[in-house]
Amino acid sequence: MEEILIFGGGGQAKVIIDTIRCQNKYKVAGVITNDKSTTRTECCGFPIYHEDKLPELKIYKGIVALGDNWRRSLEVNNILSKFPSFEFITAIHPSSVIGQDCKIGPGTWVAAGVVINPSCTIGAHCVVNTSSSLDHDCVMKDFSSVAPGAHTGGNVTIYDFTTVSIGAQVIHGITIGAHTVIGAGAVVLESVPERVVAYGVPCRAMHARQIGDKYL
Amino acid sequence: MEEILIFGGGGQAKVIIDTIRCQNKYKVAGVITNDKSTTRTECCGFPIYHEDKLPELKIYKGIVALGDNWRRSLEVNNILSKFPSFEFITAIHPSSVIGQDCKIGPGTWVAAGVVINPSCTIGAHCVVNTSSSLDHDCVMKDFSSVAPGAHTGGNVTIYDFTTVSIGAQVIHGITIGAHTVIGAGAVVLESVPERVVAYGVPCRAMHARQIGDKYL
Amino acid sequence: MEEILIFGGGGQAKVIIDTIRCQNKYKVAGVITNDKSTTRTECCGFPIYHEDKLPELKIYKGIVALGDNWRRSLEVNNILSKFPSFEFITAIHPSSVIGQDCKIGPGTWVAAGVVINPSCTIGAHCVVNTSSSLDHDCVMKDFSSVAPGAHTGGNVTIYDFTTVSIGAQVIHGITIGAHTVIGAGAVVLESVPERVVAYGVPCRAMHARQIGDKYL
């Protein structure tokens, strides 16, 4: 089995490592952190290495396991700046159901219990988290995410770096702009612009948001 | 494998065709439309025929793939008026879990990721959509539907032509009258009469609704 | 297969019996009730016995199938007072996904369609109901429950006897105190104290609650 690296040693890493274990396609060689102060030496039974160690490991395949979309993109760019041919895997839990004619980009994680209906296009470095679902013809652009228990109707488009939080519901045909956060449990009945925090039942844009703002 | 026809060539058809592919029990012979103006000739790789072509096809088995409950019933009646012995199949995704002593009527679709607990009775031409669940002893009458991510407690009855929209939650013991729409993300704590649009947290009947009104 | 008993003959028993049938590890020998007035003699095809009959049956293994956390604990204590070495089984539906390093206590039921992510600790006599999910590092203390379609983020702790009702969403890092009820469809953004009923979007503690108060 091909050896891969996991970037990020927190809870997201733990769940993605479990997905990879069930996927039974890649062997985790180690977990990479950029936190010099950490004293932890293992994560889920795998050694934790500081990223300075990367050249020695000679493994150029892996996935970034950070829940925050923006931080995930910074780490992807960091890796590619050092190793331009680094290859990102897709981690897909075998309990997920993926319909015909779906495209799923590199670096994307599809968690346990997910349903992705036919003709969806999911970009690179996305998170489709536990027990969420996308109906037919949805699009998730690069570095976007949907949280546990979030569901969309058909023909929904979620732009880059946008997150749909836990238990939010998005009816068919909605577009959600880039760098936006849809709050937990929101019910999205109308399209949402980019760079806002929007929440409530029904979901309303509540305030502006800058690119890279923390959302969790 | 027996050949069947799919009536309706939109997103619902796409997802039902995917269910049938996974079910691996029927062979889709074609997709039937009553839209004379369409220029599309295929859907998911299957030929699209105008319904005038039906007599030539000599296939008398299939399912109506229209999300709107009322439109679905009109098409079922239309088919039966021309071919009274036409047989409607049940399309059940193999990832769904169906408990003991459940009855599921002809023409009904059970999508991916669905859980139907024991002793439920689901009528004819219903939709139990992606990642929804019904608890024990629920009843869905003919031409009713539950949308993605909707969940019910036990002993819930959903009457004919009624829809429970995406992410709505219905506590145990509730009855929802016929021709009613429960809005997206609604939390249904009290029974809801027939022929209303009801939504909110908690769910309230907001206005009357006529039989056959569009709901999507 | 080892013979077991089910305590409680209602809807919860029906669904747990179905889980045990699918689990294919135990043989249900009968259903035990403490209701002397019942005239029912069978449940899901299994004989119903009054609990006076227990000594004769000579079966000291089983599970309590009552949805109310407090009533479930009374029945567990009742059984243990008579048979101190009675052994409670875990009933886990094979369609559920359970991550690495999870602990699940005796007497606990994990329903169909559930996802429990890695490193969760679920106590004794808990209910993880249909299509719910727990993210990584969650803790459910003894006699707690999550209802259908409820989802939690990571590092959530649900204390003893507390219930999270149907479709409620709990963001990461939240603690919910003991003997509390989180209402249907609630969106929990802040930790919730013990002994309250809390609901709404966002979820607020609405009134106090006494230990043992009925919640369904």
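Entry 1, chain A against chain C. I looked up the contacts (heavy atoms within 4.5 Å) and found 21 residues of chain A in contact with 21 residues of chain C. The model is predicted, so I note that local features need pLDDT of at least 70, side-chain atom pairs count only at pLDDT 80 or more, and totals for chains, interfaces and linings use all residues. Residues are numbered from 1 along each chain as its sequence is written, chains are lettered from A and ligands numbered from 1 in the order in which they are written, and side-chain values use heavy atoms, with hydrogens and water left out.

Next I took the buried area, meaning the accessible area (1.4 Å probe) that two parts lose on being put together, summed over both. Chain A and chain C bury about 1500 Å² between them, with 67% of it on carbon and sulfur atoms. On the chain A side, K14(A), V15(A) and I166(A) lose the most area to chain C, together 29% of what that side buries.

I then checked for salt bridges (a side-chain nitrogen of Lys or Arg within 4 Å of a carboxyl oxygen of Asp or Glu). The rule finds one across this interface. K14(A) and D137(C) form a salt bridge through their side chains, at 2.7 Å, N to O.

I located S165(C) in the loop between β19 (163–164) and β20 (169–170) of chain C; strands here are DSSP runs (E, at least two residues), and helices are runs of H or I of at least four, numbered from the N terminus. Is S165(C) buried or exposed? S165(C) is buried, at a relative accessible area of 14%; buried means under 20%, exposed over 50% and partly exposed in between (1.4 Å probe, protein chains only). The side chain of S165(C) reaches the backbone oxygen of I182(C) at 2.8 Å. Beyond its neighbours within four places in sequence, S165(C) is in contact with residues including A147(C), V181(C) and I182(C).

I found 11 residues of domain 1 in contact with 16 residues of domain 2. The area buried between these domains of chain A is about 1100 Å², and carbon and sulfur atoms give 64% of it. In domain 1, N69(A), R72(A) and F88(A) lose the most area to domain 2, together 42% of what that side buries.

Methods:
Polar contact = N/O pair within 3.5 Å; in protein donor to acceptor, adjacent residues only side chain to side chain.
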